Amino acid sequence: IDSALEVFILCMTKGERVDTYVAVEGSLFAERICDVVLEYSMTAVEKVITAAASKMRNVHLWKRLGSEFATTFPLSEVLMDELRQCCHHIDMMDIEPRLQALLTEETNELQIPWDEIFKSFDRSPMFHCIRFDRGEEINWVVYSREYDIFIDIVSEQSSSMTQKHFRRVRLLLEDNFGEQNIAKNASDQFVSFVLNWVWDDCWLSL
């Protein structure tokens with residue numbers, strides 16, 4: 001097989017023959033040194049390959065749903081759920097105080113048309129937005145192209161365009177994510193986009 005791996009095992013025998021039998025802890029029988037070394041080595045190799053394959057899959061998902069996303073790509077909630085399982089989650093309420101004011105019931109006085117706002121995210125060159133309808137819930141996933149971060153939003157399904165009860169707003173970050181200020185910047189970018197949209201809408205309504 002062209003893609004098969006050739007594994008070479010080097011071990012220090014300290015003068016012992018590899019076909020010598022040794023006692024193995026937890027076993028009632030003696031085993032040959034070469035068999036013991038082979039078993040432990042292949043277990044280690046399997047772990048390395050499994051971890052590498054998992055990492056490659058995570059990177060592929062992140063790019064497919066993020067920077068390389070195409071509307072022609074058949075998207076399923078299964079892929080989105082898989083992406084959630086391989087990344088870190090941060091509650092945006094913890095790092096963006098303005099978000100609470102936007103999502104509370106008092107803001108209904110502004111009649112914020114959330115469906116239109118999320119459509120605007122998708123029309124913006126800075127973002128794209130994916131929508132999943134899940135029975136009594138709507139799940140919007142907004143991707144920030146600048147910060148390579150997903151904003152995962154879940155609200156109750158409602159017949160009203162302006163009255164939404166949001167159940168969850170969180171950031172999805174890659175496993176190797178290390179810069180907390182980027183999370184803050186992405187949160188600020190998201191909220192500022194919403195506030196600017198509301199301001200522009202109010203101005204046009206005058």
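**Helix α2 and its surroundings**

The buried residues of α2 pack against quite a list of partners: helix α1 (33–65) and the strands β3 (88–91), β4 (127–134), β5 (137–144), β6 (149–156) and β7 (166–173). The model behind this description is a predicted one. Which residues of α2 are the buried ones? Within this helix, which spans residues 77–85, they are Leu 79, Met 80, Leu 83 and Arg 84. Looking down the axis of α2, these buried residues fall within an arc of 145 degrees, so they line one face of the helix. And what sits on the face turned away from that buried side? That face carries Val 78 and Gln 85, which are exposed.

Next comes the pairing of α2 with α1. The axes of these two helices come within 10 Å of each other and cross at roughly 125 degrees. As for handedness, α1 passes α2 in a left-handed crossing. Which residues make the contact? On the α1 side they are Arg 57, Leu 61, Trp 62 and Leu 65, while α2 brings in Leu 79, Met 80, Glu 82 and Leu 83. Sorted by class, the contact of α1 with α2 has six nonpolar residues and two charged ones, with no polar residue at all. Leu 79, Met 80 and Leu 83 have already turned up as buried residues of α2, and here they are again in the contact with α1.

Helix α1 also holds Asn 58. Is Asn 58 buried or exposed? With a relative accessibility of 18%, under the 20% cut-off, Asn 58 counts as buried. Asn 58 and Arg 84 are 26 residues apart along the chain, and their C-alpha atoms are separated by 9.9 Å. Arg 84 itself is one of the buried residues of α2.

Over in the strands, Val 142 has its place in β5. Val 142 counts as buried because its relative accessibility is 0%. What does Val 142 touch, once its neighbours within four places in sequence are left aside? Its contacts are Phe 118, Phe 121, Phe 127, His 128, Cys 129, Ile 149, Phe 150, Ile 151, Ile 153 and Phe 190. Val 142 and Gly 66 sit 76 residues apart in sequence, yet from C-alpha to C-alpha they are 9.3 Å apart in space.

Ile 149, one of those contacts of Val 142, lies in strand β6. Ile 149 is buried too, as its relative accessible area is 0%. Asp 148 belongs to the loop between β5 and β6. At 27% relative accessibility, Asp 148 counts as partly exposed. What about the backbone there? Phi of Asp 148 is near 55 degrees, a positive value in a residue other than glycine.

Further along comes helix α5 (residues 180–205), where Asn 185 has its place. Asn 185 counts as partly exposed, with 32% relative accessibility. Asn 185 and Glu 96 are 89 residues apart in sequence and 9.6 Å apart in space, counted from C-alpha to C-alpha.

Stepping back, how many helices and strands does the protein chain have? There are five helices and seven strands. Read from the N terminus on, the elements run β-β-α-α-β-α-α-β-β-β-β-α. The chain has 206 residues, and 35% of them count as buried. What share of the contacts links residues 24 or more positions apart? Among contacts with a separation of 6 or more, such residues account for 53%.

Technical notes:
Residues numbered from 1 in each chain as written. Predicted model: local features only at pLDDT ≥ 70, side-chain atom pairs only at ≥ 80, totals over all residues. Heavy atoms only, no water. Buried < 20%, exposed > 50% of the residue type's maximum accessible area, 1.4 Å probe, protein only. Helix = DSSP H or I, 4+ residues; strand = E, 2+ residues; numbered from the N terminus. Arc of directions from axis to C-beta. Contact = heavy atoms within 4.5 Å. Axes fitted to C-alpha atoms, helices over the stretch in contact; angles between N-to-C directions. Left-handed = near helix turned anticlockwise from the far one by under 90°. Nonpolar A, V, L, I, M, F, W, Y, C, P; charged D, E, K, R; others polar.
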